[in-house]
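The following explanation is intended to be read with the sequence and the three-dimensional structure side by side.

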Amino acid sequence: MSELTDLYAEIAVCQRCALSSGRRNAVPGEGPENADIMFIGEAPGFHEDRQGRPFVGAAGHFLNELLASIGLGREDVYICNVLKCRPPNNQDPKAEEIEACRPFLDRQIELVAPKMIVTLGRFSMARWFPNVRISRIHGQPKKIGGVLYLPMFHPAAALHQPRYRVDIEQDMLKIPQLLAQAAQLVEDELEEKPAAQLNLF
Ligand code: URA
């Protein structure tokens, strides 16, 4: 067993927050342990909770199309979420849920050690791009601690809103070149804050 599969086993029985009582399956994430790119979404939805896999519903199909547009498949990238359990009625993640789940995401980032992290939606973005609006900064990369972060709209939002759809499609097309240049790009500063202090709501 790899350290990542050990982590998945830990996530499967986690009871750190109330979401554990409503889940059918925890959704740890999936992808190669040595992936160059990690995509971080918000939280599992209905289909993800049923299958225990991230991004397998409508938003996931769109994400697959976006990946295909840059010649990538699911098997090439690591995909996970800020929350590992489905919030009831797909409610927005709460600050305490994000905090409770944060050690799992931290460990995933540490173990996969991607060159680039693409945040999908504002909840995933907020940790590395605090107190800014996603509509203002999507598609603008920031390098922190050797990792290149690229904020993008959430595919579920972009799927149904034509103006975001064009944005997410264009932002996705930036990935290959950014990845190729990642090592040369200069570092930005991180003003990291706990979820409780972020302007999420
Ligand atoms: N939306 C997310 O943020 N994550 C999923 O896994 C599915 C839908």
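The structure is a predicted model, in which local features need pLDDT of at least 70 and side-chain atom pairs count only at pLDDT 80 or more, while totals for chains, interfaces and linings use all residues. Residues are numbered from 1 along each chain as its sequence is written, and side-chain values use heavy atoms, with hydrogens and water left out.

Helices and strands are named here from DSSP runs numbered from the N terminus (helices are H or I of at least four residues, strands E of at least two). Helix α1 comprises residues 3–12 and includes I11. Its buried residues are L4, L7, Y8 and I11, where buried means under 20% relative accessible area, exposed means over 50%, and partly exposed lies in between (1.4 Å probe, protein chains only). Viewed down the axis of α1, these buried residues fall within an arc of 105°, so they line one face of the helix; the arc is that of the directions from the helix axis to the C-beta atoms.

Leaving aside neighbours within four places in sequence, I11 is in contact (heavy atoms within 4.5 Å) with R23, A26, P28, K84 and F104. The C-alpha atoms of I11 and V27 are separated by 8.0 Å, with the two residues 16 apart along the chain.

The loop between α1 and β1 contains S20. This serine is buried, since its relative accessible area is 16%. The side chain of S20 reaches the backbone oxygen of C17 at 2.9 Å. This is a polar contact, that is, a pair of N or O atoms within 3.5 Å; within protein, one must be able to donate a hydrogen and the other to accept it, and residues adjacent in sequence count only if both atoms are side-chain atoms. Not counting residues up to four places away in sequence, S20 touches C14, Q15 and C85.

The interior can be considered next. A nonpolar core is a set of buried Ala, Val, Leu, Ile, Met, Phe, Trp, Tyr and Cys residues joined through side-chain atoms within 4.5 Å. The largest such core has 57 residues, and those with the most contacts inside it are F39, I40, V118 and I175. Helix α4 (residues 95–112) gives the most to this core, contributing 7 residues. Apart from neighbours within four places in sequence, the contacts of I40 include C80, V82, L105, I109, V118 and W128.

Which residues are around the ligand? They are G41, E42, A43, E48, P54, F55, N81 and H154, each with a heavy atom within 4 Å of the ligand. One nitrogen atom of the ligand is 3.1 Å from a polar backbone atom of A43. A ligand nitrogen also lies 2.7 Å from an N or O atom in the side chain of N81, and a ligand oxygen lies 2.7 Å from an N or O atom in the side chain of H154.

Helix α8 covers residues 162–173. At 1.5 Å a residue, its 12 residues should span 16 Å, and its end C-alpha atoms are 17 Å apart, which agrees; the expected span is 1.5 Å times one less than the number of residues. In α8, Y164, I168, D171 and M172 are buried. They cover an arc of only 100° around the axis, which puts them on the same side of α8. The face turned away from that buried side carries the exposed residues P162, R163 and L173. Among the elements covering the buried residues of α8 are β1 (37–41), α3 (58–68) and β5 (147–152).

Most residues other than glycine have a negative phi. N89, in the loop between β2 (78–81) and α4, has a positive phi of about 50° although it is not a glycine. A113, in the loop between α4 and β3 (116–120), has a positive phi near 45°. N89 counts as exposed because its relative accessibility is 67%, and A113 counts as exposed at 51%.
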